[in-house]
Amino acid sequence: MKLDLTGRKTLVIGGARGIGAAIVRYCAEAGSAVAWSYLDCEADRKASAALLEELRAEGATAMAVPADCTSEADTVALYGRIAAKWGGLDGLVYSAGFTSPVNFCDINFSDWRKVVDINLNGAFLAIKEAIPLMRKAGKGAIVIIGSAAIVAGGGGRADYASAKAGLEGLNRAVTKNFAPEGIRCNIVHPSLIETDLLKQRHPDPAKRKELGEKEVPLRRLGQPEDIAAAALFLLSDAASYITAQSLYVDGGRTFCK
């Protein structure tokens, strides 16, 4: 079965690198026009420019917009550009996220608020602004990238696990409010995905390979494409009767370690 997004318009929040960039590529390959936001920093600017050049060379309709996912003003401006360019929106993926290891009692409140802003509040802002555009399209699909850390309280820090857990309630609230209008919402919960964040924590490739073999029942680390494939499915009509659900894409680690 082909997962076809031809004629659709998809926005990925946090799409310059890692999981977000893999989702951008998969959506473009499936035929969707695709836009993404990125943080206005050197690493994201370079990655975003390279991704934009890559996709346009392949004939995709693509655009990239710098925006801070925690800023209401930036989010409103981002959707203003989407509305002016496309008029409506069919798919939204919230892929922005941040974590780094820190002991519970070493988290100061300003850091707590920053992590919650990125991982939870930004998702609310993105979805709130997407709803009017999806209403214009007559339906929509929302995918939130969460974390399997919500089950065991892991992920390196308590504020991260707490914020990601909050996405579960948001997911159900969105479904409760907007499913009657044909707008679906689901979460993908990854675990141990080989992104820049994991590479920073475990810079030695051999040690990362060993980590996957020891910690994951499928005996490997996940790749961004593993998450992108799940997101693409949930965005597509193949998942047209699926909403308010949580899909763990974790190699079995969360429940079978």
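Is V143 buried or exposed? V143 counts as buried, because its relative accessibility is 1%; buried here means under 20% relative accessible area, exposed over 50% and partly exposed in between, with a 1.4 Å probe and protein chains only.

Before we go on, a word on the model: it is predicted, so local features need pLDDT of at least 70 and side-chain atom pairs count only at pLDDT 80 or more, while totals for chains, interfaces and linings use all residues. Residues are numbered from 1 along each chain as its sequence is written, and side-chain values use heavy atoms, with hydrogens and water left out.

**Around V143**

V143 is part of strand 5, residues 140–145. Helices (H or I, at least four residues) and strands (E, at least two) are DSSP runs numbered from the N terminus. Setting aside neighbours within four places in sequence, V143 has contacts with L92, V93, Y94, N186, V188, A231, L234 and L235, where contact means heavy atoms within 4.5 Å. Take L235 from that group: 92 residues separate it from V143 in sequence, yet their C-alpha atoms are 7.1 Å apart in space.

**Two residues of helix 6**

Helix 6 covers residues 158–178 and holds E168; N171 sits in helix 6 too. E168 is buried at 10% relative accessibility, and N171 is buried at 0%. The side chain of E168 forms a polar contact of 2.8 Å with the side chain of S246. For such a contact, a pair of N or O atoms must lie within 3.5 Å; within protein, one must be able to donate a hydrogen and the other to accept it, and residues adjacent in sequence count only if both atoms are side-chain atoms. The side chain of N171, for its part, reaches the backbone nitrogen of N186 at 3.4 Å.

Not counting residues up to four places away in sequence, N171 touches C185, N186, I187, A244, Q245 and S246. With its neighbours within four places left out, E168 is in contact with I150, I187, H189, S246 and Y248.

**Positive phi in two loops**

A244, one of the residues touched by N171, lies in the loop between helix 9 (224–235) and strand 7 (246–249). Its phi is near 65°, a positive value in a residue other than glycine, and A244 is partly exposed at 24% relative accessible area. L192 belongs to the loop between strand 6 (183–190) and helix 7 (196–201). Phi of L192 is also positive, near 50°, and L192 is not a glycine; at 17% relative accessibility, L192 counts as buried.

**Two helix pairs**

Two packed helices are described by the angle between their axes and the distance between the axes. Axes are lines fitted to C-alpha atoms, for helices over the stretch in contact, and angles run from 0 to 180 degrees between N-to-C directions.

| Helix pair | Angle | Axis distance |
|---|---|---|
| Helix 1 (18–29) and helix 2 (42–57) | about 15° | 11 Å |
| Helix 3 (72–86) and helix 4 (109–137) | about 25° | 10 Å |

Helix 1 and helix 2 are therefore roughly parallel, as are helix 3 and helix 4; angles under 35 degrees count as roughly parallel, over 145 as roughly antiparallel, 65 to 115 as roughly perpendicular and the rest as oblique.

In the pair of helix 1 and helix 2, A21, V24, R25 and A28 meet L51, E54 and L55. The residues of this contact divide into five nonpolar, no polar and two charged. Here Ala, Val, Leu, Ile, Met, Phe, Trp, Tyr, Cys and Pro count as nonpolar, Asp, Glu, Lys and Arg as charged, and the others, Gly among them, as polar.
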